[in-house]
Amino acid sequence: MAATVAFAIKALASAPARIVAVLVAITAMVAVLPRVFDSLQPQPQPRPTAPAAPADGQAGPGVK
């Protein structure tokens, strides 16, 4: 994307068009930064859950 922007800015003949192209490119890159930073964050690991006690309050098989 940066190479395309650089080529477009060099190819534009007038100074106002170059200024607009630079501003649009900078705005586009800044707008994408939060998504880039979000994608770089590690994914949260699910917490292990404790086994549920039986509904009748008694211990399961093999438990004294």
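**Where things sit**

Which helix does Ile26 lie in? Ile26 is part of H2, residues 15-40. This is a predicted model, where local features need pLDDT of at least 70, side-chain atom pairs count only at pLDDT 80 or more, and totals for chains, interfaces and linings use all residues. Residues are numbered from 1 along each chain as its sequence is written, and side-chain values use heavy atoms, with hydrogens and water left out.

The chain has two helices and zero strands (DSSP runs numbered from the N terminus: H or I of at least four residues for helices, E of at least two for strands).

**The H2 helix**

H2 bends by about 35° at Leu33, with a proline, Pro34, following within four residues. That bend is the angle between axes fitted to the seven residues ending there and the seven starting there.

Ile26 has 46% relative accessibility, so Ile26 counts as partly exposed.

Definitions and conventions: Buried means under 20% relative accessible area, exposed over 50%, partly exposed in between (1.4 Å probe, protein chains only).
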